[in-house]
Amino acid sequence: MSITDLEARYAPKRARDYMLTDGGGLHLLVRPNGTKLWRMKYRFADKEKLLSFGPYPEVSPADARLRRAEAKLALHSVEARSTSVAASSSM
């Protein structure tokens, strides 16, 4: 389920960090001091990575989803190039 602007705006502070998930690896990290950060988890070369898109409300939920889509396109193109280079060098 996607995070709405109201859910992001009124996400309560807690004693520990927690995440509101949006899908496709995108989530909103809510810190104990009230800071809210857009992040995306992904895997590259069999390692888990974390990409940050900026704080809410500077980055809206729609903008965060757009940035997620752009990042996924870039990652897929890099993976495709590395796969084709590996395949051509094994011949």
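The model is predicted: local features need pLDDT of at least 70, side-chain atom pairs count only at pLDDT 80 or more, and totals for chains, interfaces and linings use all residues. Residues are numbered from 1 along each chain as its sequence is written, and side-chain values use heavy atoms, with hydrogens and water left out.

**Lysine 36**
- Lysine 36 lies in strand E3, residues 36–44. Strands (E, at least two residues) and helices (H or I, at least four) are DSSP runs, numbered from the N terminus.
- Lysine 36 is buried but has no salt bridge. Buried means under 20% relative accessible area, exposed over 50%, and partly exposed in between (1.4 Å probe, protein chains only).
- A salt bridge puts a side-chain nitrogen of Lys or Arg within 4 Å of a carboxyl oxygen of Asp or Glu.
- Lys and Arg count as positive, Asp and Glu as negative; His and the chain ends are not counted.
- The side chain of lysine 36 reaches two backbone oxygens: that of arginine 9 at 2.9 Å and that of alanine 8 at 3.1 Å.

**Strand pairing**
- E3 and strand E4 (residues 47–55) pair antiparallel over eight bridges. Pairing requires at least two DSSP bridges between the strands.
- Leucine 37 has proline 55 as its bridge partner in E4.
- Two residues separate the strands of this hairpin, and alanine 45 takes a positive phi near 55 degrees.

**Nonpolar core**
- The largest nonpolar core has 12 residues, including Leu28, Trp38 and Phe53. Such a core is a set of buried Ala, Val, Leu, Ile, Met, Phe, Trp, Tyr and Cys residues joined through side-chain atoms within 4.5 Å.
- Strand E2 (26–30), E3 and helix H2 (61–89) each supply at least two residues of this core. H2 gives the largest share, three residues.
- Leucine 28 touches Lys36, Trp38 and Tyr56, among others. Contact means heavy atoms within 4.5 Å.

**Salt bridges**
- The whole structure holds six salt bridges.
- Aspartate 5 and arginine 9 meet at 2.6 Å, N to O. They are four residues apart in helix H1 (residues 5–9), so about one helical turn separates them.
- Arginine 65 bridges to aspartate 22 at 3.0 Å. This pair links distant parts of the chain, H2 and strand E1 (residues 18–23), 43 residues apart.
- Aspartate 22 is buried at 6% relative accessibility; arginine 65 is partly exposed at 22%.
- Asp22, Arg65 and Arg68 form a salt-bridge network.

Notes. A polar contact is a pair of N or O atoms within 3.5 Å; within protein, one must be able to donate a hydrogen and the other to accept it, and residues adjacent in sequence count only if both atoms are side-chain atoms. Lists of a residue's contacts leave out its neighbours within four places in sequence.
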